Amino acid sequence: DMVGFGNDIHPLWVKAVAGPPPSVADELPDYVPPSVRLPSEFDFDTDTWRAPPPSSGDVGRPLLAVIDAAVYSTALVAALGLGVLMGVACERRRWCSAIAAEACYVRLA
C-alpha cells in the first residue's frame, strides 16, 4: 500500500491516486483529501509550471503515440528498403562489370 525507501538506486515512480487505500485511510485520522491539482508540466519557453487539463484523462495521447509509432515504422521500413535496393544495385553493377571484363580478354590458344 505504501512506497518505502530501500538501497536500490533506481527510484520508484508511482501515479497519484484520488485517495489512500482503505487499509491506510483507517490509520490516518487527520487525512485531508486534496482540494487543488498541482502543476505537472514545466513550460521551458515561459519558465512556468502548467496545470494539468481539467479533464480526467488524456484523450489525445494514445492517438499521438499511434501516429508516432506509424511514422517511425514507416521511416524504418523506408530506410531498410533503400538499403536493400542500394545493395542489389551495387551487386548487379559488380556482376555486370565482371562479365564485361571477361568479354574484353582475347583467348590466346
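**View A. Tryptophan 49 is exposed, at 55% relative accessibility.** Here, exposed means over 50% relative accessible area, buried means under 20%, and partly exposed sits in between (1.4 Å probe, protein chains only). Keep in mind that this is a predicted model, where local features need pLDDT of at least 70, side-chain atom pairs count only at pLDDT 80 or more, and totals for chains, interfaces and linings use all residues. Residues are numbered from 1 along each chain as its sequence is written, and side-chain values use heavy atoms, with hydrogens and water left out.

**View B. Two aromatic pairs turn up in a search of the whole structure.** One of them joins phenylalanine 42 and phenylalanine 44, edge-to-face, at 4.9 Å centre to centre with 75° between the planes. To pair, rings of Phe, Tyr and Trp (its six-membered ring) need centres within 6.5 Å; planes under 30 degrees apart are stacked, over 60 edge-to-face, and the rest tilted. Phenylalanine 44 is exposed at 66% relative accessibility, while phenylalanine 42 is partly exposed at 29%.

**View C. Phe42, Phe44 and Trp49 are linked into a cluster by ring pairs.** The ring centres of phenylalanine 42 and tryptophan 49 are 5.3 Å apart and their planes sit at 70°, so this pair is edge-to-face.

**View D. Tyrosine 72 sits in helix H2, residues 60-104.** Helices are DSSP runs (H or I, at least four residues), numbered from the N terminus along with strands (E, at least two). Tyrosine 72 has 60% relative accessibility, so it counts as exposed.
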